[in-house]
Amino acid sequence: MTRAIATINLKGGVGKTTTTAAVGEFLAAEFGQRVLLIDLDPQTNLTTMMIGEHRWQQLNDVGLTLGALFLEAVDPRGQYFDIDKAIQIDASPVNAVRGVDLLASSLDLIEIQEGLTYRQYRDPYATWPVELLLNVVSPVLPRYDYVLIDCPPNLGMLTLNGLRLAQGYIVPTIPDILSTYGIPQLQSRVASFAHRTGHGIKELGLVITKYRAASSLHRAVIEQLQRDERIANVIPAWVPEANQIAAAAECVDHRTLRGKYGAGEQFEELRNLTEDILLTSRVLL
Ligand SMILES: Nc1ncnc2c1ncn2[C@@H]1O[C@H](COP(=O)(O)OP(=O)(O)O)[C@@H](O)[C@H]1O
Ligand SMILES: [Mg+2]
């Protein structure tokens with residue numbers, strides 16, 4: 001069975017994309033899982049991390065990014081979206097990582113998503129505008145153990161498409177005051193969307209990112225989050241702030257995950273985080 005997990009937070013810059021990429025690569029290389037990464041953010045960061053800007057442009061020109069999928073829905077002149085061709089096999093730039101595929105995003109989605117919003121506005125009871133991704137991805141799901149969906153920092157139509165496909169979600173957050181603000185609102189919006197569409201979306205947990213051990217504020221905020229009964233779970237592995245994790249955003253060849261993310265603490269924490277997500281996601285389905 002396939003487990004689909006969305007990465008969401010209404011804030012940008014909190015490590016959503018970095019976490020999604022790393023967890024995908026660790027799931028495949030360290031735990032032997034078959035992974036599909038779906039980049040729903042028009043900023044295309046996950047896409048360029050995996051395949052670089054040049055390759056993205058080539059795919060986009062021939063309609064093999066998610067831009068084409070959503071365009072097809074809002075513009076009759078859009079071309080037919082071919083999911084099998086669009087999936088990029090073994091997309092990770094790390095040689096040792098096999099089994100991480102990618103559905104690329106598109107900068108064109110900035111405009112296309114407005115067309116989708118307009119259609120939903122004209123017909124508020126229509127369900128198809130949030131089911132486009134689910135419908136196109138469903139036939140390929142049996143090929144994967146995990147589908148990780150990187151969402152833009154809002155609850156617009158693209159994120160709702162991601163949530164419609166997902167059975168669970170994680171919320172990456174920097175453990176400081178402004179980054180953690182608004183998480184209960186996010187949870188309740190997801191819960192009401194799940195209710196409206198009649199399918200459960202389970203909160204798997206908060207992922208602590210860019211953790212600085214020397215910061216007493218970070219410690220205090222994490223303790224507060226752990227005590228907060230509105231938050232189901234603070235995942236025990238915390239991702240440290242590290243230059244090498246930031247540098248992982250560049251699409252350059254690496255031989256191994258240790259080469260990409262750093263051999264010491266960073267590798268261990270990212271591996272632990274991935275294992276925690278594997279364990280908590282067992283409840284899905
Ligand atoms: N653990 C980390 N240590 C250092 N830099 C990080 C870490 N996680 C993310 N970053 C950097 O922080 C910025 C925002 O991260 P990103 O994953 O793009 O966030 P989001 O997807 O939430 O906008 C990027 O420049 C990224 O490289
Ligand atoms: Mg991002």
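This is a predicted model: local features need pLDDT of at least 70, side-chain atom pairs count only at pLDDT 80 or more; totals for chains, interfaces and linings use all residues.

Modeller: Residues are numbered from 1 along each chain as its sequence is written, chains are lettered from A and ligands numbered from 1 in the order in which they are written, and side-chain values use heavy atoms, with hydrogens and water left out.

Biologist: In what order do the six strands form the open sheet?

Modeller: Strands of a sheet pair through backbone hydrogen bonds, either parallel or antiparallel. Here the order is β3-β2-β4-β1-β5-β6, with parallel pairing. Two strands pair if DSSP finds at least two bridges between them; strands (E, at least two residues) and helices (H or I, at least four) are DSSP runs, numbered from the N terminus. β3 (100-103) and β6 (202-208) stand at the edges with a single partner strand each, so one side of each has no neighbour in the sheet. From one strand to the next, the twist averages 20°.

Biologist: How many bridges join β2 to β4?

Modeller: Five bridges join β2 (residues 35-39) to β4 (residues 146-150). I38 has I149 in β4 as its bridge partner.

Biologist: At what angle do α7 and α9 pack?

Modeller: Two packed helices are described by the angle between their axes and the distance between the axes. Helix α7 (residues 157-165) and helix α9 (residues 183-197) pack at about 65°, with axes 11 Å apart. Axes are lines fitted to C-alpha atoms, for helices over the stretch in contact, and angles run from 0 to 180 degrees between N-to-C directions. L160, L163 and R164 in α7 meet V190, F193 and T197 in α9, where contact means heavy atoms within 4.5 Å.

Biologist: Which residues of the largest nonpolar core touch the most other members?

Modeller: A nonpolar core is a set of buried Ala, Val, Leu, Ile, Met, Phe, Trp, Tyr and Cys residues joined through side-chain atoms within 4.5 Å. Of its 97 residues, these are I38, L66, F70, V137, I149 and L165. Helix α1 (residues 16-31) gives the largest share, seven residues. Leaving aside neighbours within four places in sequence, V137 contacts L36, I38, I83, L103 and L165.

Biologist: Is A22 buried or exposed?

Modeller: A22 is buried, with a relative accessible area of 2%; buried means under 20%, exposed over 50%, and partly exposed in between (1.4 Å probe, protein chains only). A22 lies in helix α1 and touches Y261 and L270, not counting residues up to four places away in sequence.
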